Each structure stands twice: as structure tokens, then as C-alpha cells.
Amino acid sequence: MERLEQTALWNELFQKAEEARKEAYCPYSGFSVGAALLCADGAMYTGCNIENAAYGVSNCAERTAFFRAVSEGRREFLAIAIVGGKRGGPVREFCAPCGVCRQVMAEFCGLDFEVLLTDGKSLQRLSLGELLPHSFGKDNLSKV
Ligand code: THU
């Protein structure tokens, strides 16, 4: 799969992200997020946000999905669908990944990795290159 063109696949990813969002542990923000990550071999991993009373320890849905996938040996990824909004309510706004999650994506994904968002009405399709230009990565360290 060079580029992700199949609408059916997108729908499946968004459905899985919505399912994962129901498991969000977000007693402090009340903002639940779900993500579904598509691996190069077709496997899908989901994640939700998991908060902590020590707020900074909280983990975003995207990183939950990435860490689950990486911990099971996956290293190549094509796309991630992300949905977020007020806990218990419908998705109304695009939920773009935070900077920390973008950096985690950059560790494992190329600039053409696709980030799929929805506001409940329309889709937004962004590349990692658009979301994190001029990033710091393993290439920088290889020149040391
Ligand atoms: N959050 C995510 O899980 N992903 C995002 O892309 C943005 C923010 C979470 C972190 C925190 O639990 C809550 O949403 C509010 O910031």
C-alpha cells in the first residue's frame, strides 16, 4: 500500500478509534480520545488516553496505540485515525495530535505517514511532514 486510498479502510480505522475512545480514562480533563493505527502488514492497534492524578504522567491515545504496536514488534506504519471530544459526547471538532505524539510518530514513520482526522462531518487528511516539518530525528544523531 503506497498511499492509503481506500475509503473502506479509513472507515474501519475511524470505527476502531471510536471504540477505543469509549475506554478512555480521562477523569481530569473529561476529554476522551481514541486512535487506531494501521501497520504496513495490515494489522491495526488502537489506543485511548490514560490520565493520571499527577497530570504530566498522562498518556495520549496516539502514543498508547504506538506503544502497543511497537511492543508487539511492529515497526512500519501507514496511517492513524484520531477522534476526540467531550467524554460521552459525539466528535464535533478535529483532534490533531499533540507535539509529543508527533515526535513519537517521527521516530517510526516517514514524512508520508497519514494522519486522519474527523470533526464528525468531514475528514482531514494530513501527512506527518505537514504536521512536523524540520523535525529532529535519528538522522541528526547519525552525523555525530
Ligand atoms: N489527548 C490525546 O489523547 N490526544 C491528542 O491528540 C490530544 C490530547 C488527551 C490528553 C489528555 O488526556 C486529554 O486529551 C486532554 O488534553
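**Exercise 1. Find how far apart the mean positions of the positive and negative charges of the protein are.**

Solution. Begin with the counting rule: Lys and Arg are positive, Asp and Glu negative, while His and the chain ends are left out. Next, place each charge at NZ of Lys, CZ of Arg, CG of Asp or CD of Glu. The protein then has 16 positive and 18 negative charges, and their mean positions are 5 Å apart.

A word on the model before we go on. It is predicted, so to speak of local features a pLDDT of at least 70 is needed, and side-chain atom pairs count only at pLDDT 80 or more, whereas totals for chains, interfaces and linings use all residues. Residues are numbered from 1 along each chain as its sequence is written, and side-chain values use heavy atoms, without hydrogens and water.

**Exercise 2. Work out the order of helices and strands, then compare the radius of gyration with the globule rule.**

Solution. Take helices as DSSP runs of H or I with at least four residues and strands as runs of E with at least two, numbered from the N terminus. This gives five helices and five strands, in the order α-β-β-α-β-α-β-β-α-α. A compact globule of 144 residues would come out near 15 Å, and the protein, at 15 Å, agrees. Along the principal axes, the C-alpha atoms fill a box of roughly 45 × 40 × 30 Å.

**Exercise 3. Describe the largest nonpolar core and say which element supplies its largest share.**

Solution. First, burial: a residue is buried under 20% relative accessible area, exposed over 50%, and partly exposed in between, using a 1.4 Å probe and protein chains only. By this cut-off, 44% of the 144 residues are buried. Second, a nonpolar core joins buried Ala, Val, Leu, Ile, Met, Phe, Trp, Tyr and Cys residues through side-chain atoms within 4.5 Å. The largest such core has 25 residues, of which Leu37, Phe66, Phe77, Ile80, Phe113 and Val115 touch the most other members. Strand 1 (31-39), strand 3 (77-86) and helix 3 (99-108) are among the elements that each give at least two residues to this core. Helix 2 supplies the largest share, five residues. A second, separate core of 13 residues includes Leu9, Ala36, Leu78 and Ala79.

**Exercise 4. Is helix 2 enclosed or open, and what do its buried residues pack against?**

Solution. Eight of the 11 residues of helix 2 are buried, so the helix is largely enclosed by the rest of the structure. Among them are Glu62, Arg63 and Phe66. The buried residues pack against strand 1, strand 2 (44-48), strand 3 and helix 3, with contact meaning heavy atoms within 4.5 Å. Just after helix 2, Gly73 takes a positive phi of about 95°.

How values were computed
Rg over C-alpha atoms; globule rule 2.2 N^0.38 Å.
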